[in-house]
Amino acid sequence: MMNKNQIQNILNKSLETGADFGELFFEKSINNSINIMNGEVVNISTGEVYGVGVRLLKGSKEVYGYTNEVKEDVILELLENLKASFNDKPNKVTKLGEKLPFNNNITRPFELVETSEKVSRLLELNKIMKDESPLIIQSITNLIEKKQDVLIANTDGTYQDDERVYTRVILASVAKDGEKMEQTFEGPGRFMGFELFDKLDLKAYASDVAKAAIKQLDAKDIKAGVMPVVIHNGFGGVIFHEACGHPLEASSIAKGLSPFANKIGEKVASDVVTAYDNGNIENAWGRLNFDDEGNPTQNNLLIENGILRGYLIDKRNGRTMNEKSTGSSRRQSYKYAPTSRMNSTFIDNGTMEYEDIIKETKYGLFAKKLGGGTVNPATGEFNFVVQEGYMIEDGKLTDAVKGAMLIGNGKDILFEIDRVANNLEFGQGMCGADSGSIPVDVGQPTIRVKKITVGGLSHE
């Protein structure tokens with residue numbers, strides 16, 4: 001990394017042609033992966049990302065460039081090219097301040113753990129899945145590790161570094177019985193080092209993944225229709241993330257491309273829905289100490305008892321909205337300009353036991369695990385595959401079902417939530433948008449949607 005005086009010198013030149021904000025984003029990242037299939041190591045890889053991104057703003061107009069040569073003369077040359085986009089009076093640059101401290105409490109940095117130990121732990125998990133049943137024909141166990149060191153400096157005086165450490169284990173099982181074949185998946189991850197293997201019961205995850213794949217072999221085709229759906233906790237929150245979270249980002253709000261634009265203080269959900277996006281939950285997969293504009297992350301209240309209270313705002317879009325940053329600016333790497341993004345987005349706990357929600361449901365679908373889906377952020381329309389589902393009949397779980405897809409609109413579905421349990425959990429994923437792919441948590445307690453369209457292979 002460059003020293004502070006060199007960085008100040010570059011920033012001093014950044015506003016000479018009329019830009020009113022300049023920013024440097026330095027990054028050094030290490031990415032490791034180990035892939036195991038059916039008890040064999042199939043790939044071990046490591047990679048490094050190193051570079052700097054340069055951004056200039058004038059109002060909400062933005063120009064951005066980057067280079068992997070972190071040298072003062074190279075950055076100044078890049079800056080000159082960006083400055084040519086403006087032709088106005090120079091603006092004042094604020095002297096760089098001091099860094100704020102942070103503590104990640106990483107107890108086993110992954111770079112200090114021998115590869116042999118990592119492989120041994122992964123093979124153990126792989127064997128648990130494979131040994132669950134002869135019906136398991138494929139077991140996959142992958143380890144993903146990332147350490148990202150960043151430094152953000154800008155003409156408002158921000159001078160802030162951050163260290164992000166992520167560890168994730170991917171577990172997948174494929175079960176086959178005759179012509180029937182099913183696959184299930186879990187991907188627990190945390191803002192941790194290798195201590196993840198001691199903090200989480202990964203053996204239980206592995207066993208559950210294999211068992212779920214076997215159960216799905218006997219699943220029946222679901223009958224399509226409109227019905228109540230109980231969506232389980234954890235990764236079930238992906239619906240809120242996709243269909244409601246993205247439309248609450250300033251990147252959509254500032255352009256008016258969101259059903260929630262200009263709705264602050266209005267009722268947008270049922271009374272039982274309260275939702276947050278928290279950027280600094282300890283050890284959360286979506287955690288940052290500081291966002292990618294150098295602002296401290298925070299707990300942002302989005303919806304309170306059905307009333308819209310806030311958006312997720314970055315600097316550039318905040319200028320259009322005349323609103324301050326909420327510590328929600330993120331980017332995949334120095335190759336991307338930042339924008340408003342989620343961290344750990346969730347519906348908050350209610351008061352019910354989740355078993356009681358099922359007991360109160362005479363007929364419907366229990367969506368235990370959700371898979372992939374699609375959403376249109378401008379309209380909130382979505383569809384999501386149910387990876388593991390069961391019918392609810394007279395308040396009890398009965399047949400396993402397959403082929404179910406939840407279809408609806410985010411702004412409408414929020415009003416249909418009538419039950420919220422007290423068992424909040426989070427699921428981990430990678431979220432792709434304009435500023436690249438980033439780690440995020442999705443979360444919720446078990447909820448009930450009074451009615452939603454369930455697509456399926458069979459029709460009544």
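This is a predicted model: local features need pLDDT of at least 70, side-chain atom pairs count only at pLDDT 80 or more; totals for chains, interfaces and linings use all residues.

Visitor: Where is I452 placed?

Guide: Helices (H or I, at least four residues) and strands (E, at least two) are DSSP runs, numbered from the N terminus. I452 belongs to strand β23, which covers residues 447-455.

Visitor: Is I452 buried or exposed?

Guide: Buried means under 20% relative accessible area, exposed over 50%, and partly exposed in between, with a 1.4 Å probe and protein chains only. I452 is buried because its relative accessibility is 3%.

Visitor: Which residues is I452 in contact with, apart from neighbours within four places in sequence?

Guide: Contact means heavy atoms within 4.5 Å. On that basis, and with those neighbours left aside, the partners of I452 are G225, V226, M227, V229, F382, L406, I407 and I413. I413 is 39 residues from I452 along the chain, yet their C-alpha atoms are separated by 7.5 Å.

Visitor: How many residues does the largest nonpolar core have?

Guide: In soluble globular proteins, nonpolar side chains tend to be buried together. A nonpolar core is a set of buried Ala, Val, Leu, Ile, Met, Phe, Trp, Tyr and Cys residues joined through side-chain atoms within 4.5 Å. The largest one here has 46 residues, and V229, I303, L365, L406 and V454 have the most contacts inside it. Helix α6 (residues 238-245) gives this core its largest share, five residues. As for V229, residues up to four places away in sequence not counted, its contacts are L365, A367, L406, I447, R448, V449, I452 and V454.

Visitor: Why is α6 largely enclosed by the rest of the structure?

Guide: Helix α6 is largely enclosed because seven of its eight residues are buried. Those buried are V238, I239, F240, H241, A243, C244 and G245.

Visitor: How many salt bridges are there?

Guide: Side chains of opposite charge can pair when their charged atoms come close. A salt bridge is a side-chain nitrogen of Lys or Arg within 4 Å of a carboxyl oxygen of Asp or Glu. By this rule there are 36 salt bridges.

Visitor: What separates K83 and E80 in helix α2?

Guide: K83 and E80 are about one helical turn apart, because they lie three residues from each other in helix α2 (residues 72-83). Their side chains form a salt bridge with an N to O distance of 2.9 Å. K83 is buried at 3% relative accessible area, whereas E80 is partly exposed at 43%.

Visitor: Which elements hold K451 and E416?

Guide: The side chains of K451 and E416 form a salt bridge at 3.3 Å, N to O. This pair links distant parts of the chain, with K451 in strand β23 and E416 in helix α10 (residues 410-416), 35 residues apart. K451 is partly exposed at 46%, and E416 is buried at 16%.

Visitor: Which residues lie nearest the centre of the largest pocket?

Guide: On a 1 Å grid over the protein atoms alone, a pocket is an open set of points where a 1.4 Å probe fits, with protein on both sides within 12 Å along at least five of seven lines; lining residues have an atom within 4 Å of a point. The largest pocket has 41 lining residues, and F185, E186, F235, K369 and G427 lie nearest its centre. Its largest share of lining residues, eight, comes from β16.

Visitor: Where does N322 lie?

Guide: N322 is in the loop between α8 (315-321) and β13 (329-330). N322 also has a positive phi of about 60° without being a glycine, and at 69% relative accessibility N322 is exposed.

Notes: Residues are numbered from 1 along each chain as its sequence is written. Side-chain values use heavy atoms; hydrogens and water are left out.
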